[in-house]
Amino acid sequence: MVKGVYIHIPFCGIKCPYCDFVSTPVEDKNIQKDYIKNILKEFDLYIDKNFSVESIYIGGGTPSLLSPDLIVFLIENISKKVSINTKPEITVEVNPENYRFADFKILKESGINRISVGSQSFLEKNLKALGRKHTPEDVIKTVDSALKAGIENINLDMIYGISGQSLSDLEKDLKAYTSLPVKHISAYMLTAYEDTPLGIKVKKGDYSLPEEDLLLDMFKLIDEYLEKKSFHRYEISNWAKDGYHCRHNLLYWEGKEFLGLGVSAWSYLNGVRFGNTKSLVIYNKMVNKGEKPVEFYDPITPEEKRKEKIFLGLRLKKGIELDLVREKIDFVKQIVEEGLAQIKNNRLVLTPEGILVSNYISSMLI
Ligand code: SF4
């Protein structure tokens with residue numbers, strides 16, 4: 001049963017130096033329109049599946065480079081084709097410099113009820129270091145105009161672990177974030193992905209990321225500060241007010257079925273994980289020929305599913321059932337003794353110290 005639909009918009013105004021998402025600077029409205037039509041053609045190739053859609057997530061890239069009418073056209077056509085829950089969560093990612101009141105009003109009227117804002121920081125120096133073009137005022141205007149248009153379920157993205165960032169810088173950011181009437185905050189540690197301009201700089205020694213101890217202190221500060229402001233962590237990088245966790249992203253972490261549409265989008269259907277081509281040219285060509293633009297299929301065996309449950313479940317604050325890792329009980333005891341994990345109600349839950357080395361812990365457990 002397909003519960004969620006993800007749509008990837010691979011266009012951005014500029015390419016941020018740390019970003020490893022598939023996106024290219026394309027502002028040509030005709031290319032954007034053709035792409036959206038092709039998304040719908042791709043969707044047609046799947047509508048024989050069993051859909052009971054609870055969430056639609058339009059991400060990217062920068063979906064807010066598209067005109068709001070084009071986004072509405074996309075959502076309306078998807079809603080006509082398959083069964084959608086009576087109260088779906090429909091999210092659009094927006095950059096702070098793009099949409100204002102009139103745009104949000106158009107989105108709201110078509111049923112879009114959640115936005116996720118690529119705010120990243122309220123400190124000018126951080127925005128500059130991240131190569132972002134918006135200002136802190138743009139974020140405030142975005143939140144304000146979305147609220148006025150009736151969209152109250154708002155997420156703000158934050159990036160921490162920027163070179164030279166101090167704990168007091170981070171506290172200033174947290175203060176600014178929590179002073180806005182938003183429901184959800186995603187805080188991501190800056191990662192130097194290989195082959196990105198940032199990754200290349202780090203490799204050459206021209207940019208240094210903070211030491212592990214400082215990163216741990218930053219994570220603890222974020223977690224404690226947000227908790228005090230009633231944002232509760234439910235996943236490694238996500239905090240929400242009660243009732244405002246992201247339903248769509250939880251589908252991924254809980255191993256439910258979802259369909260991804262568009263360039264580079266991944267899906268998980270009928271026990272098979274598969275991913276689309278990363279090339280816009282190939283994508284358009286294949287879809288226009290009536291072919292699924294899939295680059296790889298990866299059937300998930302029961303053993304792989306078990307491993308995935310461990311890996312994804314450990315990201316969640318509720319952790320995983322201890323039974324899943326009984327065979328590794330000595331390692332479990334060791335990480336509990338070292339303060340990297342706790343056992344609560346027969347579940348294994350990572351501590352902040354464990355979260356920082358979660359990849360290592362997962363790999364040992366699977
Ligand atoms: S706007 Fe977002 S998706 Fe686009 S390049 Fe920057 S980080 Fe990547």
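## Exercises on helix packing and burial

Met 158 has 0% relative accessibility, so Met 158 counts as buried (buried is under 20% relative accessible area, exposed over 50%, partly exposed in between, with a 1.4 Å probe and protein chains only). The model is predicted: local features need pLDDT of at least 70, side-chain atom pairs count only at pLDDT 80 or more, and totals for chains, interfaces and linings use all residues. Residues are numbered from 1 along each chain as its sequence is written, and side-chain values use heavy atoms, leaving out hydrogens and water.

**Exercise 1.** Check the span of helix α2 (residues 68-81), then describe its buried side chains' surroundings.

*Solution.* 
- Step 1. The expected span is 1.5 Å times one less than the number of residues. For the 14 residues of α2 that gives 20 Å, and the end C-alpha atoms are 20 Å apart, which agrees.
- Step 2. Pick out the buried residues of α2: Pro 68, Leu 70, Ile 71, Val 72, Leu 74, Ile 75, Asn 77 and Ile 78.
- Step 3. Recall the helix repeat: with 3.6 residues a turn, residues three or four places apart point the same way.
- Step 4. Name the neighbours. The buried residues of α2 pack against β1 (2-9), α1 (29-44), β2 (51-60), β3 (84-94), α3 (101-109) and β9 (258-261).

**Exercise 2.** How do α2 and α3 pack?

*Solution.* 
- Step 1. The axes of α2 and α3 come within 9 Å and cross at roughly 10°.
- Step 2. Classify: α2 is therefore roughly parallel to α3. Angles under 35 degrees count as roughly parallel, over 145 as roughly antiparallel, 65 to 115 as roughly perpendicular and the rest as oblique.
- Step 3. Name the contact residues. α2 gives Pro 68, Asp 69, Ile 71 and Val 72; α3 gives Asp 103, Ile 106 and Leu 107.
- Step 4. Sort them: 5 nonpolar, no polar and 2 charged. Ala, Val, Leu, Ile, Met, Phe, Trp, Tyr, Cys and Pro count as nonpolar, Asp, Glu, Lys and Arg as charged, and the others, Gly among them, as polar.

**Exercise 3.** At what angle do α1 and helix α10 (residues 280-288) pack?

*Solution.* 
- Step 1. The angle is about 50°, with the axes 10 Å apart.
- Step 2. α1 and α10 are therefore oblique to each other.
- Step 3. The contact uses Ile 31, Tyr 35, Asn 38, Ile 39, Lys 41 and Glu 42 of α1, with Leu 280, Tyr 283, Asn 284, Val 287 and Asn 288 of α10.
- Step 4. Its classes are 6 nonpolar, 3 polar and 2 charged.

**Exercise 4.** Is Lys 292 buried, partly exposed or exposed?

*Solution.* 
- Step 1. Lys 292 sits in the loop between α10 and β12 (294-299).
- Step 2. Its relative accessibility is 32%, so Lys 292 counts as partly exposed.
- Step 3. Lys 292 touches Leu 45, Tyr 46, Met 286 and Tyr 297, not counting residues up to four places away in sequence.

Note on methods
Helices (H or I, at least four residues) and strands (E, at least two) are DSSP runs, numbered from the N terminus. Contact means heavy atoms within 4.5 Å. Axes are lines fitted to C-alpha atoms, for helices over the stretch in contact, and angles run from 0 to 180 degrees between N-to-C directions.
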